[in-house]
Structure formats: structure tokens, C-alpha cells
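Biologist: Please put the model on the screen, and then we can go through it piece by piece.

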Amino acid sequence: MKLPVLRGRKRGAAVLALLPLLALTACGSGDTGPTAAVGAQASPAPTDDPVASVRKVDSVAALLPANVRRSGTLRIGSSIGFPPGAYYPNGPDKAPAGQDIDLADAVAKVLGVRLQRQDASFETILPALGSGKYDVGTGNFGVTTERLRTIDFVTYINDGQGFAVKKGDTSIEKVTDLTQLCGLTVGTGAGTTFETTLTAQKGVCAEAGKKPYEVKVYSENAATLTALQQGRIDVIMSTINGLRYQASQPASQTAFLGEYHRLDVGFAFKKGSPLTEAFRAAVNELIKDGTYARILEKWGTSASAIETSRINPPEHT
């Protein structure tokens, strides 16, 4: 599920200085460049550190392949872009922060390995897993039937799809059916579950005898928010947690319309990866010892907690 790192560190820094970042995944073709008119500083990261007390658990670390135990490192492709998942509170030349960062770091400590984190745009990470560039990927990747054909997942949170509008817009109060979007222009990110859903269901308006909705995709999350503020789109479709966070920031001037479709979110691996059992055990260890709950509480995502991590669960229907 959504928000890749922006193309180019300098450009990403400019966007982060302008806007509280938007939502899940959004690096693709579309309008570029935000305007300062809707600016706001990126929120500072919470100061508590529930990961600091995490220690290696030998029985879990033993599940790693022998070559990983010997090297002591894993290459992780991370999509950095939006709070509360992963963002740059102090600019792209400083360390990223967020729920996904804390969870990955905590898992690494349980496994006794060091993460070699590489920032990557959202849509490049899953293909790069198959080519062997990364061992694991993070980016709020939702578990879908289509992705399960080529990717293995180890779940760590339950997020999903939601909608937001410009604050004060009362023309839509909640989206429970995509026919409620008919005649409107919807903004989202390329390569996301949101774009896939909107494209696959575009015929629902014609079936209902209504004008179809239009989908616009954007290369930068800030551009999506700018388009909403300037009236070039009517509604945003993105992650539940990302849109909730955004709506809590007064400068964004958005209103969250609620949940549309829940999705499990997980660490992503190439199909058949030998790492999944170790990662699942590590996440479950964090759930058992309370670290998991403290991380979610830190980032305001406790409502998305899972009871146990799973490998490749079916997509929610």
C-alpha cells in the first residue's frame, strides 16, 4: 500500500519541506511539482524509542539461512514518503523515521542482523526483489491476489484503501461503493492497489447509467494534494492510515472519508524466499513481548494492529 520515495533526494527534500506527505504509493506518470500555496512543514518524529530495548532471540535467528547468519546483513529496499509509515522528518540527508522503519529495525534486532537500507521508488521494489537486488522490501505493500502470484509476504499490519476530500467539501460524506465517485475526478498514485482498483472497476458507472469517474495519477504525493486543493481532482484514494494522518494536520486542509477496503500489509520477498519463516517468527516475537504494540502506539496506528503475523494470507474480500 502507498508512497514511494520521490525521484531525486534534492527534489524529495523540497517536497517534504512543503507538505505533510500524503499516503501510500505514488510514483508514476502524472503532474509534477507542488506549489507553496498549500505548504506545511513535515511533522517531527516522536521521540520515544521502543526499538532500543529489543534484543536478539537465538531461536528465531536460527531460522535464517546459514549464509545470512554468516554475513549478518540483509539488503532492504524501502519506499520512503509519508508519515506515519516512513518519511524524512529532518530532510532526506538524515535518517528516515516511521512505523515501517521501526518495525523493520526491530525485526532485524530480533534476528541479529544489520539492515543495508536503500531508498527506492515504490513501483521499482517488487520487480527488484525478483532480480535479487534486495532481500526484502517495505513500502506499505498491500497483500493482493495478483501480487501473491510473484511475491511472498510476511504481514505486520492491517491497513487498506480509503478516500479523502478537501476540507469543507460536503458533496461526498463516505465512499462505500465506487458508483459514488461517478462523474468525479479521483487522484491517486501509479502502480498502487488504488489505481488497480479504480481501473478494474471503471465500468460500474456505465452499468449504473452514470457518467464515469476519471482517474489521474501523480508522480509525487505532494502533487496529488496540490491538485485537490486547486480543484483539479475531487477526491484522493490512498492508504487509510496515511489519509487519517494527513487529515489530522491542519495545513493539509483535507477530510478523511473513511475506510473502503482493508488489506493486510507486509514485508515483501521474492517468491520462494527462505527468509519468510524467520521474519514471521520475529514479528510474532515483537507482538508477544509488547514491542509491536508500543511501536504502533508511537505512530498512532494501534487500530491497525494484527494478532499474529502470517505468510501469504489471502486478500481480504
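Biologist: How many residues of helix 8 are buried?
Modeller: Nine of the nine residues of helix 8 (residues 221–229) are buried, where buried means under 20% relative accessible area, exposed means over 50% and partly exposed lies in between, with a 1.4 Å probe and protein chains only. Helices here are DSSP runs of H or I with at least four residues and strands are runs of E with at least two, numbered from the N terminus. This is a predicted model, in which local features need pLDDT of at least 70 and side-chain atom pairs count only at pLDDT 80 or more, while totals for chains, interfaces and linings use all residues. Residues are numbered from 1 along each chain as its sequence is written, and side-chain values use heavy atoms, with hydrogens and water left out.

Biologist: What comes just after helix 8?
Modeller: G231 follows there with a positive phi of about 80°.

Biologist: And why is helix 4 called largely enclosed?
Modeller: Eleven of its 13 residues are buried, so helix 4 is largely enclosed by the rest of the structure; among the buried ones are I101, L103, V107 and L111. Just after helix 4, G112 has a positive phi of about 70°.

Biologist: What span should helix 4 have?
Modeller: Helix 4 (residues 99–111) should span 18 Å at 1.5 Å a residue, and its end C-alpha atoms are 18 Å apart, which agrees; the expected span is 1.5 Å times one less than the number of residues.

Biologist: Changing topic, at what angle do helix 10 and helix 11 pack?
Modeller: Helix 10 (residues 276–289) and helix 11 (residues 291–299) pack at about 80°, with their axes 4 Å apart, and they are therefore roughly perpendicular, the term for angles of 65 to 115 degrees.

Biologist: Which residues meet there?
Modeller: L286, I287 and D289 in helix 10 meet T291, Y292 and R294 in helix 11, where contact means heavy atoms within 4.5 Å. By class, this contact has three nonpolar, one polar and two charged residues.

Biologist: How many aromatic pairs are there?
Modeller: The structure holds six, counting Phe, Tyr and Trp rings (the six-membered one for Trp) with centres within 6.5 Å, and calling planes under 30 degrees apart stacked, over 60 edge-to-face and the rest tilted. One of the pairs is Y87 with W299, edge-to-face at 6.3 Å centre to centre and 90° between the planes. This pair links distant parts of the chain, since Y87 sits in the loop between strand 1 (73–78) and helix 4 while W299 is in helix 11, 212 residues apart.

Biologist: Are those two buried or exposed?
Modeller: Y87 and W299 are both buried. F269 and F279 form another pair, with centres 5.0 Å apart and planes at 75°, so this one is edge-to-face. F269 lies in strand 8 (residues 254–270) and F279 in helix 10, so the pair ties together parts ten residues apart in sequence.

Biologist: Where does T150 lie, then?
Modeller: T150 lies in the loop between strand 3 (136–138) and strand 4 (151–166), and T150 is exposed, with a relative accessible area of 53%. T150 and F269 are 119 residues apart in sequence but 9.1 Å apart in space, C-alpha to C-alpha. Not counting residues up to four places away in sequence, T150 touches K270 and K271.

Key
Axes are lines fitted to C-alpha atoms, for helices over the stretch in contact, and angles run from 0 to 180 degrees between N-to-C directions. Angles under 35 degrees count as roughly parallel, over 145 as roughly antiparallel, 65 to 115 as roughly perpendicular and the rest as oblique. Ala, Val, Leu, Ile, Met, Phe, Trp, Tyr, Cys and Pro count as nonpolar, Asp, Glu, Lys and Arg as charged, and the others, Gly among them, as polar.
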